[in-house]
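Hi everyone, thanks for coming. Please have a look at the model on the screen, and we'll walk through a few of its residues together.

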Amino acid sequence: MAEGDHLYNTYKPPQIEFVRGEGAYLYTDKDEKYLDFIAGISVNCLGHNHPVPKAALIEQANKVWHVSGMYQLTEAKTLAKKYCDALPFAGKVFFTNSGAEALECAMKTARRYHYDKGDVDRYDIIGFQGAFHGRTFATINAAGNPKYVKGFGPALPGFINLPFGDHEALLEAIGPNTAAILVEPVQGEGGLRPLPTEYLRTLRTLCDEKGILLIYDEVQCGAGRTGKLFAHQWAEDAEPDIMAVAKGVGGGFPLGACIAREDVAACMVPGTHGSTYGGNPLACAVGNAVWDEISKPEFLDQVVRVSNFLKQQFEGLKDEFPDVVSELRGKGLLCGMQLKKPAIEVRALMLERGMLGGSAGDNVLRLAPPLIITEDHVREAVDILRDCFEEARKMDDFVPE
Ligand SMILES: *Cc1c(COP(=O)(O)O)cnc(C)c1O
């Protein structure tokens, strides 16, 4: 068997092996250079081999690698305080190793909150189609994507999926069983679709009226990616009660967190939840270093500047290739384009030309470069994309399934 044949075939990667990274570039074993415009899908927010989190990881590795939550988690406490100081709603944090686990904790917290108040039948979690929350049983059911639940047994009760942004359907679906509304402020996997900021506020008001908890999944759109620390901060008065984060907050080290209002998290008493590695010192040491970098005002200013430049350049591409690009999508550096030609094939053309990108639902070319990119990286990306679109012009139009 060829090397790698023992891994589950859940991905079908090209025969490219990256052995090192530097800033916005990855290098293969043959020292070929690739411009990384996907960053592990919104993970390596500081790019590759950034000195600050690297130093933090090495320093922590020299101290202690693992301590259970049975004892004081010093680095985790420091990081939790930073999150709570930055987020007016936040009072308590549960650390995880991944986004799905952060969502699991968020949904458990919501149900338990109502349960403890005596509302034992409030367990429904309502979301919008196109959502993605991870690959555990609860998260595939919460997102309700038929492709991801198929073949994995009976649908779990307690989850409702509505057409994207359908407010009428939402009002109708809310009832005595509703525990929470769960949305991504910007849908990643679903095709880089932002919920309008006014709509986030509408959801906030609705939840307040009905005693429902509002949960945001900012696993992909958070951690500075849109030019604010968290995407919902573009909206005024639209804070959640609970928020799940991961991906970018670890910058490449497995780290996630469920961040909640203090009174909401009060239901999660000893014995209700746990995680062996949650709050791990190595992960939280990196998380602290990443946070200190991305939360600098000048860092976020630069993300806004470069994403404005990128948007302007992409507008240009759209005008130049009306037969290839149908729509620009996303927000900040979670950006992309809905294409008329197959996005997956365009992605393959990019790869041949030394650029990494992703795809998402709705035939969207998904780009999530490291947040440290400069205008020069954007120019390089646009040149490669222009070349790919010239080629893509000759392809047959994309036909949805
Ligand atoms: C990636 C992602 C998740 C799941 O995160 P994992 O770390 O893969 O479990 C959840 N929600 C959103 C929006 C994501 O993009």
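Let's begin with a term: a residue is buried under 20% relative accessible area, exposed over 50%, and partly exposed in between, using a 1.4 Å probe and protein chains only. D85 has a relative accessible area of 57%, so D85 is exposed. You'll find D85 in helix α3, residues 74-86; helices (H or I, at least four residues) and strands (E, at least two) are DSSP runs, numbered from the N terminus.

A word on the source: this is a predicted model, where local features need pLDDT of at least 70, side-chain atom pairs count only at pLDDT 80 or more, and totals for chains, interfaces and linings use all residues. Residues are numbered from 1 along each chain as its sequence is written, and side-chain values use heavy atoms, with hydrogens and water left out.

Now, which residues does UniProt list for "binding site"? The unreviewed entry lists R135 and S275; UniProt positions follow the numbering used here, feature names are shortened, and annotations may be inferred rather than shown by experiment.

Take R135, in the loop between β5 (124-128) and α5 (137-143). Is R135 buried or exposed? R135 is exposed, because its relative accessible area is 55%. Leaving aside neighbours within four places in sequence, R135 is in contact (heavy atoms within 4.5 Å) with A100, I140 and Y148.

S275 sits in the loop between α9 (262-265) and α10 (281-294). At 24% relative accessibility, S275 counts as partly exposed. Not counting residues up to four places away in sequence, S275 touches F94, N97 and E101.
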